[in-house]
Amino acid sequence: MTEIQVRPLTFTLLRELSAEHFTSGAALAAKYGVSRSAISEALKDASALGVQIFSLTRRGYRLAEPLQLLDIDVIRQRMGTSQRRVDLRIVDVIDSTNTALLSQTNSGVASGSTTTIPSGMCLAAELQTAGRGRRGRVWQSALGASLTFSLLWRFESGAASLGGLSLAVGLAVANALRALGIDAELKWPNDIVVDDQKLGGILIETQGDMLGPTVAVIGIGLNVRLPESIRLAIDQPVTDIATVSADAAFASPALNRNILLPAILAQLVAVLDQFQRGGFGSLRDQWRVLHAHQGCWVDVNGATESFVAKVLDVSEDGALIVERDGARLRLTAAEISIRHN
């Protein structure tokens, strides 16, 4: 996505507007102490974000479709006691929440500062312009289309003990979604899927020593309501919350990011605490239950070769155990896809 410059007033106005009724431009100008032309120009920026706004003389402005932006007060209230463990910040537009948190961590190290970013800092974005996935992939996004956030978590045991962390994080996300009525499953090593279509992904980046204190920045992206243009830009089968909640037995079609984010953060706190106590091994049985490809034949694309194998299990350090030509193999880095023939 190209760089987007959006004035803060644009997001302020988007939070004011409704899809049900018109809001007077004069009233908006008076409320925020700006000119009518400033209101008009700010709302033109919304078009660059893909938000359609109806404008009528003497009536004002109205959203063409409902748009629910993140509400930090609602999110904190829904988190319950876990909000004490998470320092949530929300930004309108950012290149990448992972990049931003890593940059803050790196700048502290470079300057020799004794002030450290606390464990539990979370940065959520209305829109990411340069979101990243594994293996250099781009995370496709549009305003209101995705839930994208990063959580910084500190581990005292070192990077060598973090095997399976992405699987543990996936388990937390899937648990939260299933509690909300979404039949989410897990695809090794870092995808959330429904009916073998990608619903979300995880990108974890670490900084620290193999045996000493380590910082993990846990990036999570979840498809919420993907426009057709975004779907066409993604090179694999995808789905979104709007689609799967409409099809689910008891999930509410009104599931939105202000419900999803606190549910996921609460689960992350619980799962990360358990991971710190017992590693991925203490969560492996739970992960197996939700493993979408358990016992399946898959195509494996590794760094040097591609082959067909049968998925047998996942190890205590998060490696995928497969069988190839009668031999058991451990996969620590590969792309797998279900084999349909």
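What covers the buried residues of α1? Before you click, note that this is a predicted model, where local features need pLDDT of at least 70, side-chain atom pairs count only at pLDDT 80 or more, and totals for chains, interfaces and linings use all residues. Residues are numbered from 1 along each chain as its sequence is written, and side-chain values use heavy atoms, with hydrogens and water left out.

Now select residues 8-16, helix α1. Helices (H or I, at least four residues) and strands (E, at least two) are DSSP runs, numbered from the N terminus. Leu9, Thr10, Phe11, Leu13 and Leu14 are buried here, meaning under 20% relative accessible area with a 1.4 Å probe, protein chains only. Their cover includes α2 (25-32), α3 (36-48), β1 (53-56), β2 (60-63), β3 (87-94) and β4 (121-128); contact means heavy atoms within 4.5 Å.

Next, pick β1 and β2, a hairpin with 3 residues between its strands. Look in the turn for arginine 58, with a positive phi of about 65°. The two strands pair in the antiparallel sense over 4 bridges; pairing requires that DSSP finds at least two bridges between two strands. Serine 55 has tyrosine 61 in β2 as its bridge partner.

Last stop: an open, antiparallel sheet of 5 strands, in the order β13-β12-β11-β10-β14. β13 (327-331) and β14 (335-338) are at the edges with a single partner strand each, so one side of each has no neighbour in the sheet. Select β10 (residues 297-301) to see its antiparallel pairing with β14 over 4 bridges, then find asparagine 301, whose bridge partner in β14 is glutamate 335.

How values were computed. Buried < 20%, exposed > 50% of the residue type's maximum accessible area, 1.4 Å probe, protein only.
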